[in-house]
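Me: I've got a chain here that I'd like to talk through. Can you look at it with me?

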Amino acid sequence: MAASAPASRGLTALFKRGWNEIPEVIGSSAMALIGIGLTLVGLTNYYRKGSDNRRFKAEYVVMRPEDPRAANIRKD
């Protein structure tokens with residue numbers, strides 16, 4: 001029964017104990033989660049704004065200037 005007493009305190013106690021024993025791992029895990037979150041936000045914005053023009057780089061495509069897709073094509 002002694003092992004179930006600390007487990008009943010919850011995640012907060014586990015986080016505090018981890019921070020006291022291995023702060024490098026807890027800190028790097030938090031930074032990794034923040035980085036993954038920022039990556040997902042960046043990718044979502046990238047594809048939502050139509051910035052992906054790889055399909056136009058693979059083969060030669062002719063578009064008229066009044067085509068709305070032509071505004072998304074860059075010369076790089």
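Me: How far apart are Glu21 and Arg17 along helix α2, in helical turns?

Reply: Keep in mind that this is a predicted model. Helix α2 covers residues 11-21, and Glu21 and Arg17 sit four residues apart in it. So the separation between them is about one helical turn.

Me: What kind of contact do the side chains of Glu21 and Arg17 make?

Reply: Their side chains meet with 3.1 Å from N to O, and the cut-off for this kind of pair is 4 Å. What you're looking at is a salt bridge.

Me: Which residues of α3 does α2 meet?

Reply: On the α2 side, the residues involved are Phe15, Gly18, Trp19, Asn20 and Glu21. Glu21 is also the one in the salt bridge with Arg17. Across from them, the α3 residues are Pro23, Ile26 and Gly27.

Me: How is α2 set against α3: oblique or roughly parallel?

Reply: A helix pair is described by the angle between the axes and the distance between them. Here α2 and α3 pack at about 120°, with their axes 5 Å apart. That angle makes α2 oblique to α3.

Me: Which residues form the nonpolar patch on the surface?

Reply: One member, Ile36, lies in helix α3, which covers residues 23-48. Ile36 has 49% relative accessibility, so it counts as partly exposed. Together the patch has about 330 Å² of accessible area, and its residues are Leu33, Ile36 and Leu40.

Me: And what share of the chain's residues is buried?

Reply: The chain has four helices and zero strands, in the order α-α-α-α. Its accessible surface comes to about 7,000 Å², with 62% of that belonging to carbon and sulfur atoms. To count as buried, a residue needs to be under 20% relative accessible area. Of the 76 residues, the buried share is 8%.

How values were computed: Residues are numbered from 1 along each chain as its sequence is written. This is a predicted model: local features need pLDDT of at least 70, side-chain atom pairs count only at pLDDT 80 or more; totals for chains, interfaces and linings use all residues. Side-chain values use heavy atoms; hydrogens and water are left out. Patches are made of residues with over 30% relative accessible area and no salt bridge: like charges are joined within 9 Å, nonpolar side chains (Val, Leu, Ile, Met, Phe, Trp, Tyr) within 5 Å. Accessible areas come from the Shrake-Rupley method with a 1.4 Å probe; for residues, only the protein chains shown count as cover. Helices (H or I, at least four residues) and strands (E, at least two) are DSSP runs, numbered from the N terminus. Buried means under 20% relative accessible area, exposed over 50%, partly exposed in between (1.4 Å probe, protein chains only). Axes are lines fitted to C-alpha atoms, for helices over the stretch in contact, and angles run from 0 to 180 degrees between N-to-C directions. Angles under 35 degrees count as roughly parallel, over 145 as roughly antiparallel, 65 to 115 as roughly perpendicular and the rest as oblique. Contact means heavy atoms within 4.5 Å.
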